[in-house]
Amino acid sequence: LAAATWLVVAKQAALRLQTEASDYYLRAELRAAKAGVSLEWTDDTLAWKVRAALRGDNGVPRWAPVLQGIDAMSATEQRDAAWVYWKARALQVLSRESPEGDAMRATASSLLEGIAGQLSFYGGLAAENLGVIATLPARPAPLTEAEREVAQRHPGLTRGLRMIGLGLRHEGVREWNFTLRGMGDRELLAAAQLACDREVWDRCINTSDRTRVEVDMEQRFPTPFRAEIQARARELGLDPAYVFGLIRQESRFIADAKSTVGAMGLMQVMPATAKWTARKIGLANYQADQIADRQTNIKLGTSYLKYVLDDFGGSRAMAAAAYNAGPSRSRRWREGPVLEAAVWAENIPFNETRDYVKKVLSNSAF
């Protein structure tokens with residue numbers, strides 16, 4: 001009972017980013033060993049053990065518990081790119097003082113090579129660790145007229161787009177996604193292109209994301225409203241790629257997007273945030289309904305993004321977390337020792353925000 005209790009305490013401490021979390025995990029293991037019992041480790045509990053070990057002592061990771069925690073995960077969880085990457089990093093460090101150093105380094109390289117081609121946060125970090133330039137997938141052969149025509153005449157795709165056009169987005173998306181079942185890469189590319197041509201950007205991106213072998217980067221990472229976004233970003237000194245990466249994650253470039261909590265527009269700005277930002281930048285005679293105007297939404301969203309980016313010393317990871325979860329949370333997560341950016345991002349306690357930050361950063365790279 002004591003060992004299981006310490007395991008619960010350890011996980012809660014890890015979620016609160018407390019420096020004692022790794023020690024609590026160790027205490028749970030020692031109590032279990034002394035009592036001759038086995039702890040019930042879930043993948044989630046192990047993940048937080050690894051994250052706590054990555055935070056380590058004053059920002060220096062405890063690599064042995066990192067490796068031990070990952071090796072104890074289920075086979076499925078171990079294949080997650082995050083744990084592949086951190087296992088490789090642990091092996092690289094631990095190999096320095098091991099008689100099996102060469103084999104450990106070879107394993108680490110093999111693990112990194114296995115994810116370095118992925119269009120993801122950890123895929124990019126793996127390529128960087130290996131010292132290679134991440135290469136983009138070869139562009140697929142152009143769609144033929146016949147392939148385009150099949151997509152244009154497909155009843156399900158047509159119905160989906162028509163419903164979306166009538167304002168029945170939820171129903172249209174369901175119809176569209178149902179229609180995509182069983183499609184191969186070429187059919188998916190044709191369907192995605194149909195959505196791109198109609199400027200239904202979320203269906204364009206999400207459909208293209210489904211392809212397995214043939215990857216069209218222009219479909220997956222479109223840049224609608226480029227002139228407006230680039231002009232505003234440069235006016236504020238923001239990297240346009242960072243802004244595009246954030247918008248892709250926030251709204252998939254749906255200009256009239258509205259979330260369940262009330263965030264609106266391309267940049268999913270909350271009404272209270274819009275009002276505060278409008279006052280901050282001196283936007284004269286701002287009215288609440290202006291948040292739905294595309295240009296105003298871009299102006300407010302980029303201004304707020306610039307504010308949080310400056311507030312966090314230019315850290316894109318922290319600024320993205322603040323944009324998603326609020327500056328006060330990001331400030332709280334910043335407390336403690338200085339961490340490697342990837343370690344900090346991996347330790348974000350909210351699953352949604354942790355995933356969001358990784359995707360914004362990887363979107364910006366592509």
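Predicted model: local features only at pLDDT ≥ 70, side-chain atom pairs only at ≥ 80, totals over all residues.
## Packing of H15 and H16

Two packed helices are described by the angle between their axes and the distance between the axes. For helix H15 (residues 226-236) and helix H16 (residues 240-250), the axes come within 9 Å and cross at roughly 125°. H15 is therefore oblique to H16, since an angle counts as roughly perpendicular from 65 to 115 degrees and as roughly antiparallel over 145. The crossing of the two helices, H15 and H16, is right-handed.

On the H15 side, the contact is made by Arg226, Ile229, Gln230, Ala233 and Arg234. H16 contributes Pro240, Val243, Phe244 and Ile247. By residue class, the contact of H15 with H16 comprises 6 nonpolar residues, 1 polar residue and 2 charged residues.

## Aromatic pairs

Across the whole structure, a search finds 14 aromatic pairs. One of the pairs joins tryptophan 333 and phenylalanine 350 in an edge-to-face arrangement, with 5.3 Å centre to centre and 85° between the planes. This pair links distant parts of the chain, as its two residues are 17 residues apart. Tryptophan 333 belongs to helix H20 (residues 327-334), whereas phenylalanine 350 lies in the loop between helix H21 (341-346) and helix H22 (351-365).

The partners of this pair also have their own accessibility classes. Tryptophan 333 has a relative accessible area of 5% and is therefore buried, because the class requires a value under 20%. Phenylalanine 350, with a relative accessible area of 36%, is partly exposed.

Elsewhere, an aromatic cluster is formed by Trp63, Tyr85, Trp86, Phe121 and Tyr122.

The loop between H16 and helix H17 (271-281) holds phenylalanine 253. Its phi is near 65°, a positive value in a residue other than glycine. Phenylalanine 253 has a relative accessibility of 2%, so this residue counts as buried.

Glutamine 268 is also placed in the loop between H16 and H17. Although glutamine 268 is not a glycine, its phi is positive, at about 45°. The relative accessible area of glutamine 268 is 11%, so the residue is buried.

Key: Residues numbered from 1 in each chain as written. Heavy atoms only, no water. Axes fitted to C-alpha atoms, helices over the stretch in contact; angles between N-to-C directions. Helix = DSSP H or I, 4+ residues; strand = E, 2+ residues; numbered from the N terminus. Parallel < 35°, antiparallel > 145°, perpendicular 65-115°, else oblique. Left-handed = near helix turned anticlockwise from the far one by under 90°. Contact = heavy atoms within 4.5 Å. Nonpolar A, V, L, I, M, F, W, Y, C, P; charged D, E, K, R; others polar. Phe/Tyr/Trp six-rings, centres within 6.5 Å; stacked < 30°, edge-to-face > 60°. Buried < 20%, exposed > 50% of the residue type's maximum accessible area, 1.4 Å probe, protein only.
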